[in-house]
Amino acid sequence: MARSGRSAQKGVRRSPKRLVLGVLIFGFAALIIAQSAPQISQFFNPVRASVGDRLGGGEQIGLWARLTGQVAQEKRIRELEAEVRDLSRYKAAAISMADRLEAYEEILNLMGEPPARGVTARVTSESEGPFAQTLLANAGRSQGVEPGSIAMNEGGLVGRVIQLGERSSRILLVTDFNSRVPVIGEVSGVHAIMQGGATSSGALTDLPERSAFIEGERILTSAEGGAYPRGLVVGEVHQSGNDWRVKYAMSEGSSGYVQLIPPPTVERPIPAGDLPALEGDASPTQGARR
């Protein structure tokens, strides 16, 4: 009798635990079934999103990122997002300024640089010759190349044609010591002469007093002297001690092809005495006699 009484008491004690365990299992199974139903899962989406934001998202670094060691990655992602937003603002400002500049040029009837039409040619290096840095292009007079043509590649200015044949051209590179290119800073507006002599960067000389370039700005051709048109990309300027040097832009494009564009030409004006007289207008000599 005593044993039966004790077993009965143990059964009464275990029954509540089994009941609670059964309720939990039933509730968990009901929750899984409810999540699979589209109508019921929409009811749990806000709760799941709120819990997920608190554990791993939000504007601050989440707890899940701290536990898994992703704090540095989260911080870097936020820095990149901030840079993208800044660049978007700069892009919008640049587009607005470009549209405004185009409108001003149209109002002023400004004469810009004529569009250059060139010949694309394949180039090979030359080991022998009077110049240390030259290239040979497989295009010449027969292909429409003119004396003094400008050689460009995907990066920027390559050099200038110094010898021209029927089907070939010799290009003097801007890296040669004999090369002199009048340049101007795109932002600072400082004029200088870029001298070759190194395969990685050129030296800037003849700078005006109390003037300096801006670190990292682009260097363009200034068209002084008439050998190069204005606005061709030459490179990027950097300061080395007390000197300024230009990192060549042509090194960024090394496909083995160049575009040979005609040199800039400005036609001389016709003398007034050679102008054809219009009907009803007096010639300059008749006006002088009167």
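Trainee: How much of the chain is buried in this model?
Mentor: This is a predicted model, and in it buried residues account for 26% of the 290 residues in the chain.

Trainee: And what about the accessible surface, how much of that belongs to carbon and sulfur atoms?
Mentor: The accessible surface of the chain comes to about 21000 Å², and 56% of that area belongs to carbon and sulfur atoms.

Trainee: Which residues form a nonpolar patch on the surface?
Mentor: Tyr104, Ile107 and Leu108 form such a patch, and together they have about 390 Å² of accessible area.

Trainee: Where does Leu108 lie, and is that residue buried or exposed?
Mentor: Leu108 lies in helix H4, which covers residues 71-108, and Leu108 counts as exposed because its relative accessible area is 67%, where the cut-off for exposed is over 50%.

Trainee: Switching topic, how many helices and strands are there in the chain?
Mentor: The chain has 5 helices and 12 strands, and among contacts between residues at least 6 apart in sequence, 53% join residues at least 24 apart.

Trainee: Where is Ser179 found, then?
Mentor: Ser179 is found in the loop that runs between strand S5 (169-173) and strand S6 (180-185).

Trainee: Which residues does Ser179 touch?
Mentor: Leaving aside residues up to four places away in sequence, Ser179 touches Leu173 and Val174, and also Met194, Gln195 and Gly196.

Note on methods: Residues are numbered from 1 along each chain as its sequence is written. This is a predicted model: local features need pLDDT of at least 70, side-chain atom pairs count only at pLDDT 80 or more; totals for chains, interfaces and linings use all residues. Side-chain values use heavy atoms; hydrogens and water are left out. Helices (H or I, at least four residues) and strands (E, at least two) are DSSP runs, numbered from the N terminus. Buried means under 20% relative accessible area, exposed over 50%, partly exposed in between (1.4 Å probe, protein chains only). Contact means heavy atoms within 4.5 Å. Accessible areas come from the Shrake-Rupley method with a 1.4 Å probe; for residues, only the protein chains shown count as cover. Patches are made of residues with over 30% relative accessible area and no salt bridge: like charges are joined within 9 Å, nonpolar side chains (Val, Leu, Ile, Met, Phe, Trp, Tyr) within 5 Å. A salt bridge is a side-chain nitrogen of Lys or Arg within 4 Å of a carboxyl oxygen of Asp or Glu.
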